[in-house]
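Have the sequence and the structure at hand.

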Amino acid sequence: MPRANISRRSLLKTTGLATAGVLSAPYVRHSYAAGKLALGVWDHWVPGANNTLTRLCNEWGEKNKVEVTIDYITSQGDKDLLTASAEAQARAGHDIMSHRAWQIQVHRAVLEPLDDVVNALIAKAGPISPVSEYLARADGKWFGLPTTVGSQVKPCCSRLDLYKQHCGIDLTAIFPPNPNRDPKLVDSWNWDLYLKSAEQLFKAGVPVGLPMGQTSDAIDSTGAMFRAFGSVMVDEKDNIKVDSNETRAALEYFKKLMPFNPPEVYAWDDAGNNRWLISGKGAGIMNPPSAWAVAKRDNPKVAEQCWTHDMPRGPAGRFVGQLPFFYGLWSFSQNKPAGKALLQFLSEKDQSRQLVEASVGYDLPSFKSYYDFETWKTVEPPPGTVYNYPPRGDEQPSITGYPARPDVAAQIYNQSIHTIMVAKVCQGSEPIDKVIAWAKGELEGLLRA
Amino acid sequence: MVDLARHYPIGRGEASGQGARAGATLQLWLRRRSTIAVLMCLPLIVIVAGLIVYPALYSIYLSMLNKAQTRFVGLDNFSYLLRRDTFWMVVEQSAIFALSAVFFKALIGLVTAHLVNNLPSKGQRKWRGMLLVPWVIPLALSTLGWWWLFDPTHSAFNWLIQGVGGNDIPWLSNPYWARFSVILVNVWYGAPFFLIMYLAALKSVPEQLYEAAQIDGANAWQRFRHITLPMMRNIIAITVLFSLIVTFANFDIVQIMTAGGPRNMTHVFATYAFLLGIRSGDLPLGAAVSLFMLPILAVSAMFILRGVRKRGREIG
């Protein structure tokens with residue numbers, strides 16, 4: 001048998017090349033991937049939705065020889081926030097965690113940049129939601145990957161029968177379950193028409209219900225309304241802009257609108273508006289299709305009349321509150337390449353389709369190119385009820401607190417500056433100027449380093 | 001002085017063995033009362049050090065960092081809070097919440113303890129057990145039950161009020177009613193603790209004192225004022241102090257029922273600290289808010305315990 005002649009020089013060269021190859025190679029799905037990955041994921045409220053995510057993770061794990069374990073953590077009582085905070089402080093825990101909207105900015109010092117994953121997905125799926133980019137990108141790096149699971153927008157969910165009967169408005173004509181919208185009709189759906197119809201519905205004993213408490217449904221819809229009037233709290237350069245004609249116009253509008261809401265809206269939590277619609281007492285709320293999905297089970301007659309559609313248009317545009325969820329890979333994770341590969345797998349179109357289907361259309365991916373999923377066309381009753389849930393026309397996703405830098409905006413959002421302003425004016429009967437002065441004081445405090 | 005060597009002879013019979021001597025020394029060391037006491041207290045010391053002392057010191061350290069926890073800022077977080085209107089509103093609300101809740105818990109506990117004490121001994125145990133129920137149910141669970149009763153849209157109380165022709169009460173949507181509601185739940189939960197403590201104190205008052213007072217012509221009020229109250233003063237003081245600490249630090253009731261709303265008008269220290277520290281991502285500021293409770297409670301503890309010691313010396 002001939003012996004290979006290996007010189008010292010060729011051995012060093014080969015070894016050097018092999019080492020460089022291993023170190024620079026991206027994560028490849030072969031036996032090197034073996035190891036463990038622990039995920040702490042938001043516990044979905046839709047029955048069965050968690051099973052689809054578990055199945056997808058297990059399929060990926062088996063294929064890549066990675067042992068994947070998942071803990072589903074509820075957002076009830078902010079247990080997900082507490083878990084993430086504890087892990088960030090202890091520098092130990094899961095490898096991947098779900099983070100709600102602002103939490104990527106909160107934990108970004110201990111999160112692994114995910115540029116390679118996000119950029120690969122953008123190259124494949126096209127542009128990502130600007131709200132997701134605003135929340136997950138800092139110093140030119142992506143610290144979070146927008147998830148399909150849990151991400152949502154909060155457009156109008158209205159009762160077709162009540163709007164037709166008491167206001168003469170056919171919402172299916174304005175927002176049909178297909179791409180053929182009449183721009184004139186869509187334009188007519190503005191905040192003036194909303195106010196007029198709110199008054200008519202209130203007089204008919206079936207008012208709309210806009211939550212005005214200090215939880216996310218209230219904050220998201222109220223923030224979108226302020227933005228539709230052009231009101232900004234703090235701009236990108238830390239200038240306080242709350243004292244403006246736009247803010248005054250928004251507050252004047254709320255002064256007219258809130259008396260046509262039930263008085264208990266100031267105490268509603270995120271389930272308050274859902275219960276209001278499901279009970280049949282209300283004509284409309286601003287929410288993802290969760291209220292409709294629960295009505296389908298608990299009060300089918302109400303569900304048959306629910307129609308999810310765009311928000312009204314204001315002087316500065318048509319805005320809808322968006323609340324994206326993210327996956328973050330901890331910088332102290334022991335299996336980062338595998339974590340990145342799993343995140344990329346879960347965010348691809350086919351997996352997103354399955355996740356959207358499992359959530360009955362509640363979950364909304366951050367890629368606009370994913371808005372063609374069949375689920376939103378097919379779920380019923382009535383047929384096409386959530387077709388307009390993903391923003392399809394001139395509706396722009398927005399998050400309360402934008403355009404302030406995210407760590408300031410996070411505080412504007414979480415300290416409910418917008419809804420407290422409305423409540424002070426409309427419930428507390430405080431003068432608008434006094435309320436703006438209060439907000440200014442709070443914002444000055446939030447800008448501290 | 002006790003001659004330990006005489007009481008516990010060491011190494012007798014095998015005095016030459018080094019190992020035996022060491023074993024005997026260990027035995028002697030273990031037989032010392034102070035050693036055993038330390039060993040038996042060790043688990044508690046570890047728990048207190050790990051779960052109370054360390055977190056307390058860590059929160060003091062945390063409260064002196066900037067928002068990103070990258071820079072030492074001294075007392076800046078505290079001085080920042082002192083300049084905020086919302087923080088002063090939280091201070092005011094915490095004081096209203098704690099003082100009124102403790103007052104009503106003490107009052108209800110005192111009255112109920114007297115009523116139970118005067119019940120025939122045959123049925124007294126059943127009443128004692130029933131009255132303790134609110135205190136033994138996990139607070140988060142019972143508060144959820146109360147929340148359903150106060151539900152903004154489908155309140156069971158309002159359903160009853162409507163049934164007798166009354167108008168709905170905005171239990172949680174009006175800030176003042178919301179304050180009342182959270183205090184009410186705290187009183188409901190905490191009054192049984194006062195009841196059981198006061199009942200124990202009442203049972204320890206010698207019956208002969210009442211008999212002597214009755215012979216001297218004292219009426220019920222005079223017996224209460226000149227015998228019962230002085231005999232219970234220390235228990236009342238300790239109970240009030242303990243309850244004040246627990247009520248000031250309350251989190252569950254406000255968080256579950258109102259989450260601090262409407263208009264931030266039901267926040268107490270703990271819920272406001274949670275809002276700033278966990279929800280808004282400013283842990284140092286959240287830690288600073290929670291530490292504001294410390295001087296308030298320390299001062300009240302000092303005064304109350306000084307009174308207890310003084311009375312103790314008088315009795316001694």
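The second largest cavity holds about 70 Å³. A cavity is a set of points, on a 1 Å grid over the protein atoms alone, where a 1.4 Å probe fits but cannot get out. Volume is the space filled by probe spheres set on the points, with grid points joined across faces, edges and corners. This is a predicted model: local features need pLDDT of at least 70, side-chain atom pairs count only at pLDDT 80 or more, and totals for chains, interfaces and linings use all residues. Residues are numbered from 1 along each chain as its sequence is written, chains are lettered from A and ligands numbered from 1 in the order in which they are written, and side-chain values use heavy atoms, without hydrogens and water.

Residues of both chains line this second cavity, among them A:Q411, A:E442, B:Y80 and B:R84. Helix 21 (432-446) of chain A and helix 13 (269-279) of chain B each give two or more lining residues. Lining residues have an atom within 4 Å of a point. Helices are DSSP runs (H or I, at least four residues), numbered from the N terminus. The lining divides into five nonpolar, three polar and two charged residues. Nonpolar means Ala, Val, Leu, Ile, Met, Phe, Trp, Tyr, Cys and Pro; charged means Asp, Glu, Lys and Arg; the others, Gly among them, are polar.

Now the largest cavity. Its volume is about 90 Å³. The lining includes A:F226, A:R227, A:Y402 and A:H418. Helix 11 (residues 216-228) of chain A gives the most to it, three residues. Five lining residues are nonpolar, six polar and one charged.

Key. On a 1 Å grid over the protein atoms alone, a cavity is a set of points where a 1.4 Å probe fits but cannot get out, and a pocket is an open set with protein on both sides within 12 Å along at least five of seven lines; lining residues have an atom within 4 Å of a point.
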